[in-house]
Amino acid sequence: MLFDFWRDFSIDDKMHPLDVPLLGQNASVFQTTLPPGHVNGRLKDAPVVACYLNPGYEVEDSELAQSDDAKRALFEQIRGESNFPMQFAGWRKWYLERVGRIDLPPEQLASTVAVFNVLAYASKNSKKVKRSLVKKLPSCIMARRHLHEVLIPEALRGDRFLVIARGAWAWQIDRSIECETIRFAPNPVGGHFGPAIGAEITRWLDFKKLSAR
């Protein structure tokens with residue numbers, strides 16, 4: 001489903017072919033010099049998934065766009081089989097500020113918590129992202145399907161821990177689904193987990209280790 005949708009995407013592509021018609025009408029909103037960032041981390045098997053609206057775009061990203069090695073590393077994220085890219089200082093800082101309340105060393109966090117964006121394309125200002133675009137864009141539809149048909153059922157079974165950190169409206173999800181393994185970030189503007197969710201996830205991870213013995 002999700003990974004099949006992106007299977008034929010190449011490192012030289014800027015936008016998924018099915019997204020091009022709609023994105024062309026919103027070209028000024030997005031930065032497409034880096035590979036799409038709907039997945040950062042091991043989405044296929046990470047026990048914790050943090051759901052956001054879309055990637056931001058900072059000064060460091062413009063520098064990464066000039067590096068073939070950096071673009072290759074970010075392109076490989078699309079498969080959902082690589083750790084969060086902690087080698088990039090700005091990305092590391094953003095990530096640890098949000099998920100660092102989980103009591104794990106940073107490098108272990110990188111394989112434990114995956115980031116999943118409903119909108120794959122980076123923007124400097126997410127307030128310019130139109131709701132109508134997120135509703136209709138094929139890649140967004142595919143991301144929502146993966147959340148609703150794969151990740152939410154896994155979380156309800158206790159196999160994953162989901163944090164809806166930002167963009168609940170874009171994911172088409174509300175607090176009625178909240179349970180022990182599905183939580184909403186206390187501050188949806190920044191998408192930080194906060195101490196309470198961090199502690200809950202730490203306990204849940206410890207329990208999963210014990211139950212696996």
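Predicted model: local features only at pLDDT ≥ 70, side-chain atom pairs only at ≥ 80, totals over all residues.
Reader: Fine. How do strands of a sheet pair?

Author: They pair through backbone hydrogen bonds, and the pairing can be parallel or antiparallel. Here you'll find five strands in an open sheet, ordered β2-β4-β3-β6-β7, with mixed pairing.

Reader: Which strands are at the edges?

Author: Look at β2 and β7 (182-184), each of which pairs on one side only.

Reader: And how many bridges join β3 to β4?

Author: Five, and those two strands run parallel.

Reader: Now the helices. Which strands does α5 lie across?

Author: α5 lies across β2, β3 and β4, at about 105 degrees to β4. Compare helix α8 (residues 138-156): α8 lies across β3, β4, β6 (161-164) and β7, and runs at about 145 degrees to β4.

Reader: Staying with α5, which of its residues are buried?

Author: For burial, the cut-off is under 20% relative accessible area. In α5 (residues 89-99), that picks out Trp91, Tyr95, Arg98 and Val99. Viewed down the axis of α5, the buried residues sit within an arc of 80 degrees, so they line one face of the helix.

Reader: What does the face turned away from the buried side carry?

Author: Ala89 and Lys93, both exposed, are on that face of α5. As for the buried residues of α5, their cover includes strands β2 (39-40), β3 (48-52) and β4 (113-117), along with helices α3 (59-64), α4 (68-76) and α6 (106-112).

Reader: I've spotted a histidine in a loop. Is histidine 16 buried or exposed?

Author: Histidine 16 has 8% relative accessibility, so it counts as buried. Its loop runs between α1 (2-5) and α2 (20-23). Setting aside neighbours within four places in sequence, histidine 16 is in contact with Phe5, Trp6, Phe9 and Tyr121.

Reader: Last one: how many residues does the largest nonpolar core have?

Author: That core has 40 residues, and Leu43, Phe116 and Leu119 have the most contacts inside it. Elements that each supply at least two of its residues include α1, β3, β4 and α7 (131-136). The largest share of this core, seven residues, comes from α8. Apart from this core lies another, of 32 residues, including Ala70, Ala73, Phe84 and Leu104.

Key: Residues numbered from 1 in each chain as written. Heavy atoms only, no water. Buried < 20%, exposed > 50% of the residue type's maximum accessible area, 1.4 Å probe, protein only. Helix = DSSP H or I, 4+ residues; strand = E, 2+ residues; numbered from the N terminus. Arc of directions from axis to C-beta. Contact = heavy atoms within 4.5 Å. Pairing = 2+ DSSP bridges. Axes fitted to C-alpha atoms, helices over the stretch in contact; angles between N-to-C directions. Core = buried A, V, L, I, M, F, W, Y, C linked by side-chain atoms within 4.5 Å.
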